[in-house]
Each structure stands twice: as structure tokens, then as C-alpha cells.
Amino acid sequence: MRKRNESVTVEHERAAAAAAAGAVPGPLDKGCSLRHSLRLPAAAAAEGMKRPLGRRYGLWFRLRKLIIWLLGMYIAIPFLVKLCPAIQAKLVFLNFVRVPYFIDLKRPQDQGLNHTCNYYLQPEEDVTIGVWHTVPAALWKNARGKDQLWFEEALGSSHPVILYLHGNAGTRGGDHRVELYKVLSSLGYHVVTFDYRGWGDSIGSPSERGMTYDALHVFDWIKARSGDNPVYIWGHSLGTGVATNLVRRLCERETPPDALILESPFTNIREEARSHPFSVASTQYFPGFDWFFLDPITTSGIKFANDENVKYISCSLLILHAEDDPVVPFHLGKKLYNIAATSRSFRDYKVQFVPFHTDLGYRHKYIYRSPELPRILREFLGKSEHEHHH
């Protein structure tokens, strides 16, 4: 027994000496080997846990930075707009958005308008506006190769004239606008359209006053050449605001047009801005939306008060509006019609509202596709021509 104990003691001493010398434990050192092998996986597991925790922490840190940045922008942009009303004016006009890109407005034939002439007029000093004049389809063949003088003289032919006032963004060469010119030309109308100052290749700074004055200048230019031919004003979207401004002024000076056509109109720019899809969510979740975003519009001198203008207009009025219009809600066009229909200024003139059902899919700018449009215009403008001659 004593020998066995001594041998065990010797073995332990040898193992301790070997461990102190850095030797690898022998096969008999099963207890030590087992304990040593258990320590290694525990350390590796701790290292493995640190890595996903670090990744998670880094992801949360980046997400937190993004949230703080978005919150800062959410707070800063309204104050920036409030302090710089010109920003809001640019958002209303969108004149810096030139669509389609890469077209030469001096060459309307590139857009399929082979019977169109490009002019440049000067409403004011330092202001030049680009104008397109499309002749009726009956004059297409005669128009080939003709110069500006021929086109101007053609306005005196026995065809009515439509002055078209386009909406914000884009140019007089916009796709849906070009398609409307073709439809109106095929129905026997001269179509004169232009880019307001600051749009397209027109020179000048945009403003409601400037846009209205440009329209007045073009109208007077047409009247000086069209003789007794009827002249109609057609405004679309933001162009309806220019149109009612123009026609109110013409009525006040007792030279009204023969009819006014408003496509996708609104009541006034504040109600339109509040009803715009980009604004609907903001009005619900952003306190002081009117003060931050709508008041700067008024500060910039932008009103486009169709609802007020129609009370001073004395000529036939036709309103066209699609029920599925996502830009200018249908109810605003209907509201404007109700105001006009009850106005005393229209008591001797026809006021008509033509809705286009949602199923037709005309939305904000595709009413020109309607197969009913020629009949609508013929019936409405035919009566306006009768009023003009009598």
C-alpha cells in the first residue's frame, strides 16, 4: 500500500514538473487533458458571440444615424421653405422640369407637327417666349415649306383659333399636349400655344403676373391677325389659373374671348396644393402644414384664384374633368363649376360641366383620347360661335 501511494505521488510530481516545463501531458493525464479540452471551446464560443453582437450594434448605430438624419430633414425642410418662399414657387411652377428631354423646340416637325411654325415673341423687355402655331388639317398641304409670314396670314382664314395654355412642368412640346394639338387641328382649329417665361426655351423669370401678361400678349397678337374669326381660350391644370386670370382681364376691358375651356381645373392654388397627393399625408401628420407650406405660396404672389375670377367672366364656359384625376381632384373641378353656374356674370352665357368616368382612365392629361371630345366641342363651341355672330 505504501509503495502504491508513493508511486501515485511520484506520478503527480512528474506531471507537475512536466507542466512547469511546458511539456504536453502524457496519456495518463486524462483528467488534465479533459479539463484543458473543455476550456478551448468555451473561449471560442465567447469570441463567436462577440462578433454577431458587434455586427448588430453596428447595424443599429447606422439605423439610428439614418433616423436622426431623416428627422432632421423633416424638421429643417419646412423651415427652409418658410424662410425661402421662392422654393415653394419653384415647386408650384416646376418650370425646371423639361420633359421630354433632348427635343429641339425650334423644330415642331420632329414631334410629328409638319404643319406647325415656331415663332418668338417679346411681351416685355428682356422677356422672349417661344410660340407654336398649328394650322387646321385642311391647310396642311398648303403649309408645307411656308414661312412665318404665311402662317400669320393664315390666322385670317375662315377657321376659329384656340389659344392653348399648358400646365406646370414640361414644355409646349410635351407628348400629351402635342396629341391634343393634332386632335384640335383635325377638327378645323388653328392652335396657338407657347411656353411662359422661364419654361422651355422662353427667357425670363416665372411668376403668376408674368405668365398672365405673356398670355395677354399672345391673345392680342392673335386678335390682330385673325379678323372676325372666333378665338377660344383653353387652359389645362395650372394653365386654367392663367386662363381665368387672362379672361377676367379681357372681360374687364370689354374684349372677351368667344369661349373659355378649362381642362382639369382647381378652385385656387391653396386648395389644389392642400389636395395634392404629396400634401394629403403631410396635412394629417405635420402640424402647421398651412403655415409652413401654403402661406409661402401666397407670400410669393401665387394665387391663381379661379373661384374668384369666374365671378367676373362673361363668356361661355366649358369644364372638362376626369373622375380619376390624381393631380387635381375631381371635386375641385365640380366645386368651381358650381361657383360659376350660380354667378351672375354667366347669366347670359352657357356654363357646362362634362365629367369623364373613372373606367375610361383619362386621369389628369388624357382627355384628348375621348372619342366624344369632337362632339362635345362641336356642340358647345358651335353655340358659342352662334352667340358670337349674333
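A residue counts as partly exposed when its relative accessible area lies between the buried limit, under 20%, and the exposed limit, over 50%. In this predicted model, Leu 66 has a relative accessible area of 44%, so Leu 66 is partly exposed. Leu 66 belongs to helix 2, which spans residues 30-83. Leu 66 also contributes to a nonpolar surface patch.

Strand 4 presents another setting. This strand comprises residues 190-194. Five of its five residues are buried, so strand 4 is largely enclosed by the rest of the structure. Its side chains point two ways. His 190, Val 192 and Phe 194 point one way. Val 191 and Thr 193 point the other way. Residues of both sets are buried.

Strand 2 spans residues 127-134 and pairs with strand 4 in the antiparallel sense. Four bridges make up this pairing. Here Val 131 stands opposite Phe 194. Strand 3, residues 161-165, runs parallel to strand 4. These two strands are likewise joined by four bridges. Val 161 stands opposite His 190 in strand 4.

Strand 3, helix 6 and strand 4 form a β-α-β unit. Helix 6 covers residues 175-186. The unit is right-handed.

Methods
Residues are numbered from 1 along each chain as its sequence is written. This is a predicted model: local features need pLDDT of at least 70, side-chain atom pairs count only at pLDDT 80 or more; totals for chains, interfaces and linings use all residues. Side-chain values use heavy atoms; hydrogens and water are left out. Patches are made of residues with over 30% relative accessible area and no salt bridge: like charges are joined within 9 Å, nonpolar side chains (Val, Leu, Ile, Met, Phe, Trp, Tyr) within 5 Å. Accessible areas come from the Shrake-Rupley method with a 1.4 Å probe; for residues, only the protein chains shown count as cover. A salt bridge is a side-chain nitrogen of Lys or Arg within 4 Å of a carboxyl oxygen of Asp or Glu. Buried means under 20% relative accessible area, exposed over 50%, partly exposed in between (1.4 Å probe, protein chains only). Two strands pair if DSSP finds at least two bridges between them. A crossover is right-handed if, with the strands pointing away from the viewer, the path from the first strand over the helix to the second runs clockwise.
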